[in-house]
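Open the model in your viewer and show side chains. This tour moves from a pocket to the aromatic rings, one selection at a time.

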Amino acid sequence: ATVDTALIWLDEPDRGLATLERSVAAAERSGALGTLSTALLSLHRLVLLRGEFDRGSRAAARGAVAAERLGDPQLMAMHSTNLGLQHFYSGDWSAAEERLGPGADPLREARLSIFACTPPAYLGVLRAGQGRTEEAASLLAEAVELATAARIVAIERYALCRLAELDCLRGAPDDAIRRLAPLDSEHKWIYDVLFFSVLAEAHADLGEFDEGARLGRQALESAAAVGNRVEAVDASRALA
């Protein structure tokens with residue numbers, strides 16, 4: 001699954017996704033429940049960003065069944081958490097609340113792992129959407145702290161980008177740029193569309209329209225390269 005995901009972030013999304021699906025099928029045939037459930041986590045994340053929500057729901061359901069058979073409550077809760085983010089994107093915020101609240105409880109005991117830092121990041125996104133910005137900032141800061149300690153770079157950077165979004169919302173685009181500046185020279189992988197979109201908005205808020213437009217176009221190019229249709233909406237809004 002690691003090789004499959006790498007293909008997607010190397011600008012070969014269709015090939016990577018097809019290879020990942022073959023990996024899932026092979027794990028299913030061999031009865032490797034841990035590998036199957038973990039691979040389905042990656043599959044769900046990828047089809048979610050492509051806007052294929054029905055396909056994502058099926059992947060999460062299959063992954064949860066495999067995790068239940070394996071007797072792994074953290075994997076089960078992780079699939080539920082990913083569904084929570086999907087419900088947020090699809091506009092069913094009551095379902096998102098249900099998944100990201102009680103459904104994430106087993107993950108809070110995971111300590112230094114991706115299982116512990118993902119729920120507060122996704123719940124922070126929901127709270128920001130609900131206008132509960134102080135609570136959102138607290139949850140996202142918690143996600144950054146946990147992810148930094150566990151060295152989960154993708155979630156750390158994702159939560160930092162979401163915090164920078166909140167900076168823009170409260171009228172502090174300078175803070176957003178300062179928050180994201182240390183990330184600028186790093187390979188951003190899964191969060192690069194969000195990264196460029198937030199920076200585009202911050203520069204536009206400062207009246208730096210040429211730089212904002214450049215970053216907005218970069219966000220759209222990054223989204224197109226990996227088939228990220230969901231966050232391409234944010235990129236289009238920032239460019240507009």
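Select helices H5 (73-90), H7 and H9: each supplies at least two residues of the lining of the second largest pocket. Keep in mind that this is a predicted model.

Now show the pocket itself. Its volume is about 220 Å³. The lining counts 13 residues, and Phe-88, Val-125, Gly-129, Arg-162 and Glu-165 lie nearest the centre. Colour the lining by class: 8 residues are nonpolar, 2 polar and 3 charged.

Stay on Phe-88. Together with Tyr-89 and Trp-93, Phe-88 forms one aromatic cluster.

Next, the aromatic pairs. The structure holds 4 of them. Pick Tyr-122 and Tyr-158. The ring centres are 6.0 Å apart and the planes stand at 80°, so this pair is edge-to-face; the cut-off for that label is over 60 degrees. Which helices does the pair tie together? Tyr-122 sits in H7 (residues 114-129) and Tyr-158 in H9 (residues 153-169), so the contact links parts 36 residues apart in sequence.

Are these two tyrosines buried or exposed? Tyr-122 is buried, at 6% relative accessible area. Tyr-158 is buried as well, at 3%.

Select Phe-195 and Phe-196. They form an edge-to-face aromatic pair, with 5.1 Å from centre to centre and 75° between the planes. Both residues are buried.

Arg-45 lies over the face of the Tyr-158 ring, 5.9 Å from the ring centre.

Technical notes. Residues are numbered from 1 along each chain as its sequence is written. This is a predicted model: local features need pLDDT of at least 70, side-chain atom pairs count only at pLDDT 80 or more; totals for chains, interfaces and linings use all residues. Side-chain values use heavy atoms; hydrogens and water are left out. Rings of Phe, Tyr and Trp (its six-membered ring) pair if their centres lie within 6.5 Å; planes under 30 degrees apart count as stacked, over 60 as edge-to-face and the rest as tilted. Helices (H or I, at least four residues) and strands (E, at least two) are DSSP runs, numbered from the N terminus. Buried means under 20% relative accessible area, exposed over 50%, partly exposed in between (1.4 Å probe, protein chains only). A charge sits over a ring if NZ of Lys or CZ of Arg is within 6 Å of the ring centre and within 35 degrees of the ring normal. On a 1 Å grid over the protein atoms alone, a cavity is a set of points where a 1.4 Å probe fits but cannot get out, and a pocket is an open set with protein on both sides within 12 Å along at least five of seven lines; lining residues have an atom within 4 Å of a point. Grid points are joined across faces, edges and corners, and a volume is the space filled by probe spheres set on the points. Ala, Val, Leu, Ile, Met, Phe, Trp, Tyr, Cys and Pro count as nonpolar, Asp, Glu, Lys and Arg as charged, and the others, Gly among them, as polar.
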